Amino acid sequence: MLKSTWRRLGAFSVLPLVGASLAACGSDSGSGSDSQTITFAYQIANPNAKSVYATLAADYEKTHKGVTIKTNPIALNTYGSTITTQLQAGNGPDVFFINAGGGQAGSVGTLGDAGKLLDLDGKIADGSVPDNAKASMSFDGKIVAVPIYLAPAGIIFSPMAAEKSGFTIDSSTTMDDVIAQCQKVADGGQAVFGLAGSMAPNTGIFTAEVAASTVYGPEPDWNAKKAAGDTSFADSDGWRTALETVKDLYDSKCFQDGAAGAGFDALTNGMGQGQMLGFAAPGGAAKDIMDSTKGAVTLTVQAMPAPAGFDTYLMAGTPDAIAGNAASKHKDLALDFISWMSQPEQTKKAADAAGDIPVGTTSGSGLLPQYAGVADLITNDKIAQYPYLDWPNGEVYNALGTGVTGLLTGQMSVDDVLASLDKAWG
Amino acid sequence: MSALTPVSEKEDVVVTVANPVARAARERRHAVPGWWAVPGVALALALIYVPTALGSFYAFTDWKGIGGWHWVGISNFKAVFDDKELLGSLKNTVILALGFLVLTNVLGLLLALALNRNLKTRYLLRTLVFMPVVLAPIAVSYVWSFIFAFNGPLNQALGSVGLDSWQKDWLADPTWAKVCVLVVMVWQNTGFVMVIYLAGLAGVPIELEEAGALDGAGRWGRFWHIVLPTIRPATGIATTLMLIQGLRVFDQIMALTGGGPAGATQTLATEIYQQTIVFGKYGFGAALALLLSVMILVLSGVQQLATRERNKTGA
């Protein structure tokens, strides 16, 4: 009796294994079941909004009869770990969104190091990777990712809210001019800037935008010097000034009350209620907000004003890119899709859809209306790349964000923050 | 202070003890051969313990979640103890866990004693106190983050009663942020502890309490010498569960402070998430996870030993 029971148990335990094996034989590992089908994964912040990547995939299908692109939108906060896991498991998408540089999970540096990226050298449109983005799109000297738009980051500004307090800003405004107006704006129940002080990405981008004028505008190769050991955060007057500027803004009541402990909800509520005049974010956010209000709100993108003694630079770069899976079973089709996306016609369409600027733009003409305030900076090449793209890991940007919070709450001094940045760099 | 033990249950116990034949028959009826546990044990091994052991292996590597890895020995663990911020996270973990353990148990026991009997509305009140337990911690914590916000109801309430000087940016203050996290944790879990103690109090014989009262023992004396020793098994369960839950607190911190301000509320659990998912340092994250697991095992073991020793003393 015991033997027969064991046999029955054995049969039951084997059944799922057999089933799993058959299922594995029948699966196509997510790479499409025929040579005309590829998969395309990308990150999305808002599941209700149509992604620029979905638009591109649909357009490619229209112009390439018989081709199917299976899109896979993945939530922004889990994208890096999801794509990493899929590629490691061998069931990654053929084409996918990738973070430029080596500073984040699922970025060019980490995936390139693991040998997961297709070599795009000579297979994409000429000029589709700007010179100042080549390092962040390459691994081992080969281009492995291609940007599809240039993303300016500045102040998402509400002229309507500013009208109430009489606040003015343009590309010639200095940070001292801003600080001089802060008390008046605060007295009127508004804040010049909204800051989600408890969110490292928000404090990080705010400070990075200041550093565009104090560090990366005047010294575009600062990251290379740092990597070579020729400089450090602690020795950088530009970084010191950037941090001191944020503290000055805080002390001068340029941020909303409770900014140090605020979350992103404070920004959306504050902007929605007209209590804030602007906040630091990638320029595409202006289009997202205007679209979500169906045109009821008009926003502009302004460059972060430079502190005294510095020229204003617009932080604009290529943090978002597209790459191919080196293990794809449909490399030719994947490469053709990537090459097609890198063509000027597509990058223009992608930039418009994302509310950004086409890659390679050197003139202020032809931009979306919200960029009128930064057009002259673009024309005059007063542009600085996103600093963190060339940083060696994500900890540096996190140290910047949390360090600024510590600066505002009094937990850290400027020297402490600079030291933590050097330590995080490694 | 306690509820009566049902008479029928007592009689059943007496019959069982007094009749060894009936007990043997019942044992035969309910006897389960040990091998029936094999599939369950195999599943537990395959789904829990083997993956855990494999995951622990990565604690000794520099794996980034993709590609190859190098054996780094104990350097990940050394890095934890060499890093001031990570040591701060370790300290926060212990402080929050101990605070959570003490507060939930003290408040849970007090509520259980108050709502044990003699109160007409006790069933309604028990339900109300237990209600937060069934809510999702992440959702509850987001609601509390609005309460603690600078322009939130807490500061507004303080202002409305003239306590303007007490108003502060609660979640941006390194000390108060920890208190806020603890408040939310305790608020949500006290009801669960109360239920455990209510179950324990149901087993306290009323005769003992009455005898104590006749011998002149006051309320405190009866509680200390009769109720508390009797409910020690419930105390053991409640303290162990709260200790474990306190050590692995995650949701409340992520929703309330995100580990801030400037790392002031980071714990081992949030560090594991950050190092692994955000920074892609899977090897280092595994080391932190292993450390947290060992901490939970050791502290739970110590707590169990302490409870067992007291049981012997109390017997």
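Biologist: Which residues does Asp311(A) touch, not counting residues up to four places away in sequence?

Modeller: Two residues are in contact if their C-beta atoms, placed from the backbone, lie within 7 Å. By that rule Asp311(A) touches Ser213(A), Gly217(A), Ala306(A) and Lys382(A), once residues up to four places away in sequence are left out. Ser213(A) is 98 residues from Asp311(A) along the chain, while the C-alpha atoms of the two are separated by 6.1 Å. Please keep in mind that this is a predicted model, in which local features need pLDDT of at least 70 and side-chain atom pairs count only at pLDDT 80 or more, whereas totals for chains, interfaces and linings use all residues. Residues are numbered from 1 along each chain as its sequence is written, and chains are lettered from A and ligands numbered from 1 in the order in which they are written.

Biologist: What does Ser81(A) touch, not counting residues up to four places away in sequence?

Modeller: Ser81(A), in helix α3 (residues 79-89) of chain A, touches Ala105(A) and Ile277(B) when residues up to four places away are not counted. Ser81(A) is partly exposed because 18 other C-beta atoms lie within 10 Å. A look across the chain gives another distance: Thr318(A) is 237 residues from Ser81(A) in sequence, and their C-alpha atoms are separated by 21 Å.

Biologist: How many residues of chain B are in contact with chain A?

Modeller: 25 residues of chain B are in contact with 31 residues of chain A. The side of chain B that touches chain A has 14 nonpolar, 9 polar and 2 charged residues, where Ala, Val, Leu, Ile, Met, Phe, Trp, Tyr, Cys and Pro count as nonpolar, Asp, Glu, Lys and Arg as charged, and the others, Gly among them, as polar. Chain B itself has 15 helices and 0 strands, and buried residues make up 35% of its 315 residues.

Biologist: At what angle do helix α7 and helix α15 of chain A pack?

Modeller: Two packed helices are described by the angle between their axes and the distance between the axes. Here α7 (residues 200-216) and α15 (residues 394-409) of chain A pack at an angle of about 95°, with their axes 7 Å apart. The two helices are therefore roughly perpendicular to each other. The residues of this contact divide into 5 nonpolar, 7 polar and no charged. Among them, Ala200(A), Pro201(A) and Thr203(A) are on the α7(A) side, and Tyr397(A), Asn398(A) and Leu400(A) are on the α15(A) side. As for the terms, axes are lines fitted to C-alpha atoms, for helices over the stretch in contact, and angles run from 0 to 180 degrees between N-to-C directions. Angles under 35 degrees count as roughly parallel, over 145 as roughly antiparallel, 65 to 115 as roughly perpendicular and the rest as oblique.

Biologist: Where does helix α6 of chain A bend?

Modeller: α6(A) bends by about 35° at Gln181(A), the bend being the angle between axes fitted to the seven residues ending there and the seven starting there. Gln181(A) is also one of the buried residues of α6(A), which include Met175(A) and Val178(A). What covers these buried residues includes α5 (159-165) and β8 (191-194) of chain A.

Biologist: Which residue other than glycine has a positive phi near 50°?

Modeller: Most residues other than glycine have a negative phi, and most peptide bonds are trans. Ala262(B) has a positive phi, near 50°, and with 30 C-beta neighbours inside 10 Å it counts as buried. Ala262(B) is found in the loop between α13 and α14 of chain B. In the loop between α13 (251-256) and α14 (268-278) of chain B is also Pro261(B), which a cis peptide bond joins to Gly260(B), with omega about -5°.

Terms used: Helix = DSSP H or I, 4+ residues; strand = E, 2+ residues; numbered from the N terminus. Buried ≥ 20, exposed ≤ 12 C-beta atoms within 10 Å, placed from the backbone.
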